[in-house]
Amino acid sequence: MAKYLFLRLLDAIPTVFLVLTLVFVAMRILPGDPALAVLGANADGGQLEAFREKMGLNDPLWLQYLNFLWDAVRLDFGNSLMNDQPISRMIANNLPHTIYLTLLSVLLGLSMGIPLGVIAARNRNRPPDSALRIYSLMGYAIPDFYLAAILLVVFSLNLGWFPINGEGEGFWDGLHHLILPALTLALLKSAFLGRLTRTSLLEVLGRDYIRTARAKGAQEGRVVFHHGLRNAMLPLSTGIGISILATLSGSVAVELVFNRPGIGRLLIDAITERDYPVIQAGVMMFAFFVILVNLAMDVVYLIVDPRIRIKS
Amino acid sequence: MTMTTDLPQDLAEREAIAPEPGYWDPVRHVLLDRWSTRIAFVVVILFILAAAFAPWLAPYDPLRQSIVSINKLPSWDHWLGTDQFGRDVMSRMIHGSRNSLIFGLLAPIFAAFFGTILGVTAGYFGGWADRVISRVIDLLMAFPELLLAILIAAALGGSFWNIVVVLTVAFTPGFARVARASTLAVKQEPYVEAAIAAGVRTPLIIFRHIVPNIMAPIVVLMTLWSASSIRIEATLSFLGIGTQPPNPSWGNIIRDGLTNMFATQWPIVAGGMAITIVVLAISIIGDSVRDVLDPENAQ
């Protein structure tokens with residue numbers, strides 16, 4: 001098992017390398033002259049030259065590339081063009097908020113989605129099942145930012161139950177600010193996870209060992225949860241990974257709607273300000289997140305599915 | 001011995017049981033089998049008509065600002081009210097449908113084109129081409145499409161063709177993966193092996209025997225992703241990296257509405273409803289298309 005993990009980690013290295021290369025190519029070659037993009041068309045030749053010198057844009061491309069890789073490995077993203085703060089500190093300030101949002105929304109999404117899926121599977125082709133089908137279709141069709149805006153307008157603006165924006169101070173106030181943003185993402189997740197739970201549970205419930213369990217007189221609850229749901233966990237754990245990844249893109253919109261700090265917010269603000277070093281760092285952070293979640297999913301497979309452990 | 005004599009008989013039998021379906025049969029099934037799909041078709045056609053005839057349907061110029069009628073609530077003059085610049089929200093919605101719907105048409109077509117080329121190349125030729133293409137596909141598939149789109153749009157900035165590029169790049173890996181897997185399966189079929197053995201030239205094999213036989217899953221993906229690309233364009237426009245103001249799109253109508261939510265909430269509601277209804281209708285159609293063309297993957 002340790003060997004499998006080690007190999008999997010080793011396998012992630014070329015992926016990280018490929019991501020860094022893609023980011024470098026996208027940021028240096030695609031948008032034309034970065035100096036012109038940052039300083040605007042009104043900058044004179046001297047200013048442009050000074051900027052290029054400062055950012056190392058006059059070096060040969062291979063040297064720029066090596067410097068870029070070396071900086072990325074040391075997590076040194078340089079300074080923001082806007083406020084000259086070190087970008088690593090800006091990320092450190094924003095990252096916890098995105099992590100809280102992700103954790104709470106996944107927790108809420110699972111605790112709503114799995115019971116919904118179990119209820120639908122137990123009532124196949126009856127009203128609860130159709131209700132879940134409509135719910136999951138809506139969950140796919142409603143964009144996250146629209147749901148966020150609706151919750152904000154209804155519960156914060158009109159009913160006044162929740163604060164309109166910001167992140168709050170201290171634990172309880174912070175949680176109060178976090179509930180609506182997390183609920184937005186959780187509702188969408190529960191639609192997806194509920195459908196997935198239903199499908200994988202129905203598949204498992206048709207297996208021979210379920211019939212055996214029923215035949216030996218096991219209680220219905222034990223059949224569904226012990227024999228059924230446990231074996232439905234494998235496809236479900238893939239789904240949980242996918243929905244954690246979806247949070248990353250969802251958090252961008254949700255942080256904007258609720259005016260919360262976070263990595264998504266940092267990225268969007270940087271795009272509006274054309275703060276290229278921050279955009280680059282934000283893009284890399286998201287890419288690392290994706291690779292990390294995929295790695296974590298592999299570890300979860302190891303735990304959930306003993307067959308992989310034996311094979312490796 | 002039994003193999004050689006059984007095979008033609010078996011084939012003849014199968015043909016007798018299932019007559020060759022007509023060319024338009026699948027289309028008719030998709031269109032008419034379910035009432036939910038029929039409603040979805042009507043909805044999509046209505047939206048397309050609205051987009052096509054936007055200049056004639058919209059009661060006002062979507063860009064015209066008016067200082068005397070800002071933040072009006074819905075009335076007979078302005079069905080959805082006006083925004084913070086006094087622009088008629090209904091007219092912006094109707095014109096915005098053009099910017100929102102066009103990507104649902106363009107992006108899947110481009111992505112299907114490039115994805116099929118990559119997937120067929122990887123699947124048919126194998127070797128190092130397959131290794132390189134598969135590696136890049138795996139990497140890109142690890143990212144959710146929306147996140148990938150946001151990251152590329154962050155680097156490129158928003159304009160019509162940039163959004164097309166963003167969506168195409170975000171969707172191509174999915175098409176490539178499906179095309180590759182289908183090509184690998186079709187390549188094993190006796191008619192392809194026969195063509196190879198008979199010395200048919202490679203391009204002819206690919207275009208005559210491979211591509212037509214992998215089109216079903218590709219078409220399914222195209223309908224499903226036409227919904228996705230409308231949703232993603234809306235998100236990009238909402239984030240300010242899609243359709244650029246003052247040009248209306250459903251996403252940036254909601255963006256404008258959010259900064260003005262204390263005065264009127266109608267733009268948010270209208271923009272979101274339009275996106276939700278269209279995406280819902282196209283996904284219902286997409287489900288039907290999948291059930292008819294690709295029964296193995298139907299849920």
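Student: How many residue pairs are in polar contact between chain A and chain B?
Tutor: This is a predicted model, where local features need pLDDT of at least 70, side-chain atom pairs count only at pLDDT 80 or more, and totals for chains, interfaces and linings use all residues. Residues are numbered from 1 along each chain as its sequence is written, chains are lettered from A in the order in which they are written, and side-chain values use heavy atoms, with hydrogens and water left out. A polar contact is a pair of N or O atoms within 3.5 Å; within protein, one must be able to donate a hydrogen and the other to accept it, and residues adjacent in sequence count only if both atoms are side-chain atoms. With both residues at pLDDT 80 or more, the count between chain A and chain B is three.

Student: How many residues of chain A are in contact with chain B?
Tutor: Contact means heavy atoms within 4.5 Å. On the chain B side, 38 residues take part. On the chain A side, the number is 43.

Student: How much area do chain A and chain B bury between them?
Tutor: Buried area is the accessible area (1.4 Å probe) that two parts lose on being put together, summed over both. Carbon and sulfur atoms hold 78% of it. The total is about 3600 Å².

Student: Which residues of chain A lose the most area to chain B?
Tutor: Three residues together make up 19% of what the chain A side buries. They are A:Tyr140, A:Phe145 and A:Tyr146.

Student: Where does B:Phe53 lie?
Tutor: B:Phe53 belongs to a nonpolar patch on the surface. Its place is the loop between H3 and H4 of chain B.

Note on methods:
Patch = residues over 30% accessible without salt bridge, like charges linked within 9 Å, V, L, I, M, F, W, Y side chains within 5 Å. Areas by Shrake-Rupley, 256 points an atom, 1.4 Å probe, with all protein chains shown as cover. Salt bridge = Lys/Arg side-chain N within 4 Å of Asp/Glu carboxyl O. Helix = DSSP H or I, 4+ residues; strand = E, 2+ residues; numbered from the N terminus.
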